[in-house]
Amino acid sequence: MATIAVFNQKGGVGKTTTALNLLAGIAQAGARPLGLDFDPQAHLSHVFGVQPRVADDSVYSFFVRQRPLADVAVITRSGVPICPAHLELAKLDSLLGKGVNVVTRLRSALRGTERAEGPVVIDCCPLLNVLSLNAVFACDLLLVPVSADFLALQGAKAVDRALDALEPVFKRRLPRRYVLTRYDGRRRMSGEVAQRMAQTLRPEEICATRIRESVKLAESPAYALDVFRHAPGSHGAHDYRALIDELLSAGFLH
């Protein structure tokens, strides 16, 4: 099944919101996705109501103890299984380094005995560290949220350069899509960021779907809910359904 990593080297662009609602929307469509929280801040885990007290109950033990993902996964209240994060994940770079076997640990697991039943969605931290490198090497698609501000676009361009530098390792261009988030057509900056995206990134790699600025979307994590359960008729729910349909039609969700 498909593995999607949600990543940008700029924080606050909607990575966790996107990962959360991709998982929820995929589950609503009848599939059984698996969420992986690779951010030591553990925001995705918190929204799903999972807060491991010790690091060994998180994906930390997958990397440090070689514990199977299936043993780490927790079935959340929404029915979506998630492998939660823990603050100790911040120590992985110093503990493990960035050797080939380390940064391909997740890829080997997902393509071997731990192959998932449904799509896998990874919420990455905004650093190019051992966790995000594992996500990059394991994913079939890197989805880069770009909030409608210029610093977010700079972060997306940094991701693009980093992926280009890794092409000799992959021996191909890693599939990527850039999705504009927090878009408000009434704001001049939103239009300018959209225009610059089209000028600086490959047009075919920019999602047609734009995630509009929405109060219901922004407030849903505070209620520990995805937007489909919090406000199913909202712009946010409509836009994330459209994004899932777009990824499905492009062959990234199967």
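In strand 5, D123 is the bridge partner of D37. This is a predicted model, where local features need pLDDT of at least 70, side-chain atom pairs count only at pLDDT 80 or more, and totals for chains, interfaces and linings use all residues. Residues are numbered from 1 along each chain as its sequence is written, and side-chain values use heavy atoms, with hydrogens and water left out.

**Strand 2 and its partners**

- Strand 2 covers residues 34–38, and five bridges join this strand to strand 5 (residues 120–124), with the two running parallel.
- Strand 2 also pairs with strand 4 (residues 81–83), again in the parallel sense, over two bridges; pairing takes at least two bridges found by DSSP.
- In strand 4, I82 is the bridge partner of G35.
- Strands here are DSSP runs (E, at least two residues) and helices are too (H or I, at least four), numbered from the N terminus.

**How covered is strand 2?**

- Five of the five residues of strand 2 are buried, meaning under 20% relative accessible area with a 1.4 Å probe, protein chains only.
- Both faces are covered, with L34, L36 and F38 on one side and G35 and D37 on the other.

**Helix 9 meets helix 10**

- The axes of helix 9 (residues 150–170) and helix 10 (residues 188–200) come within 10 Å and cross at roughly 20°.
- Helix 9 and helix 10 are therefore roughly parallel to each other (angles under 35 degrees count as that).
- Helix 9 brings F150, L153 and K157 to the contact, while helix 10 brings M189, E192, V193, R196, M197 and T200; contact means heavy atoms within 4.5 Å.

Note on methods. Axes fitted to C-alpha atoms, helices over the stretch in contact; angles between N-to-C directions. Parallel < 35°, antiparallel > 145°, perpendicular 65-115°, else oblique. Buried < 20%, exposed > 50% of the residue type's maximum accessible area, 1.4 Å probe, protein only.
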